[in-house]
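Biologist: Hi! Could you walk me through this protein? I'm new to reading structures.

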Amino acid sequence: MTSGQWRVVRAERTAVLVVPAGPSGDPGDARASSPEPLPAGLARDGLADSDEGRTAVAVGDLVELDPESGLVATVLPRRSALVRDTAGRTSHVQVLAANVDVVLVVEHLDPDPDLGRVERLLTLAWRSGAQPVVVLTKADLVPDPHGMAQDVAAAALAVDVHAVSAATGEGLDPVRALLGPGVTLVVVGPSGAGKSTLVNALAGREIMATGERRQDGRGRHTTTHRELVPLPSGAMLIDTPGLRAVGLVADADALDHTFADVAELAARCKFADCSHASEPGCAVLAALDRGELDQRRFASWRKLEREAAYQERRVDARLAAAEKARWKRITQEYHRGHRGAGAPRP
């Protein structure tokens, strides 16, 4: 079981499930009989070695196992990673899915879609290195799904937006076209957005449990873990639990992708360090005054920009503290060795 590379199809705190990875890193041929996942343990700290130090193992990771213990020994370099900020004061991040090609940002049309949440998830998707696609579910429950999709598309620049109904099959063909052999997709969105129902519709069979709709029209949260599921087309799909609060982990490039219209305006400002508050020659404020830039979108950009800057400061502080601790250990070891070498021999 321990030779070669393995792909993680499910991750828990103390163990993971893995399947053999093919030459391209895919778990065999998903169109054929899929291999039965095998358990692999984790070290006591729940982490494994990687090119970035000790790291948590995520669904979609390619790993190597220790031939003696059978534990996950190494996480191979990730070509993409969808990450979120963790709760609490720690500056560490949580990898939701690794080595994915497409991020399906799922948002419901009933109730009305939350544009700010869509922008937040798109920023995470752009930062991951994968291609984001917006899927608007429950199209059969609203009178004008395509008009609502156009409103969302105005906040999802350079991203395909599809209004679909898993119940009727409406609008699913463009999404199914993404499910090529060897392609890995991850589904993200809030609880009740119909992610598991969408996964079942794309798979052509019930592979994820779904819940009944509540009296207020919202769906029930059903997925409690992340799992990589092979589809008949040869693609792999990762469903995720509903994200009630999504801590942002982003960089300037990711924000510029999500808010390309704001970034273009900011580049025209008179001063390179314009804060877009009250400076003369601010192209962003001028666009707001003319009604060319929506105030909601500007406020969303501001909020995500502040969060990204805050996360960056936390990471820098953590790295500085880790470096300080490393040199402290080196100094202590040096002094212990020096005292030992200078002690009189009996």
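Biologist: Where is the place of proline 111?

Modeller: Proline 111 sits in the loop between strand 10 and helix 1. Helices (H or I, at least four residues) and strands (E, at least two) are DSSP runs, numbered from the N terminus. This is a predicted model: local features need pLDDT of at least 70, side-chain atom pairs count only at pLDDT 80 or more, and totals for chains, interfaces and linings use all residues. Residues are numbered from 1 along each chain as its sequence is written, and side-chain values use heavy atoms, with hydrogens and water left out.

Biologist: Thanks! What kind of peptide bond joins aspartate 110 and proline 111?

Modeller: A cis one, with omega at about 0°. Most peptide bonds are trans.

Biologist: And which way does phi go at lysine 138, positive or negative?

Modeller: Positive: phi of lysine 138 is near 65°. Lysine 138 is in the loop between strand 11 and helix 2. Alanine 158 also has a positive phi, near 60°, and lies in the loop between helix 2 and strand 12.

Biologist: Is alanine 158 buried or exposed?

Modeller: Alanine 158 is exposed, with a relative accessible area of 73%, whereas lysine 138 is buried, at 13%. Buried means under 20% relative accessible area, exposed over 50%, and partly exposed in between (1.4 Å probe, protein chains only).

Biologist: Got it. Changing topic: how many residues does the largest nonpolar core have?

Modeller: That core has 34 residues, and Val103, Val134 and Val186 have the most contacts inside it. A nonpolar core is a set of buried Ala, Val, Leu, Ile, Met, Phe, Trp, Tyr and Cys residues joined through side-chain atoms within 4.5 Å.

Biologist: Which element gives the largest share of this core?

Modeller: Helix 1, with six residues.

Biologist: What is valine 186 in contact with?

Modeller: Leaving aside neighbours within four places in sequence, valine 186 is in contact with residues including Leu82, Ala97, Val103 and Ile238. Contact means heavy atoms within 4.5 Å.

Biologist: Now helix 2. Which of its residues are buried?

Modeller: Pro145, Gly147, Met148, Ala149 and Val152 are buried there. The buried residues of helix 2 pack against helix 1, strand 11 and strand 12.

Biologist: Last one: how many helices and strands does the protein have?

Modeller: There are eight helices and 15 strands. Buried residues make up 44% of the 346 residues.
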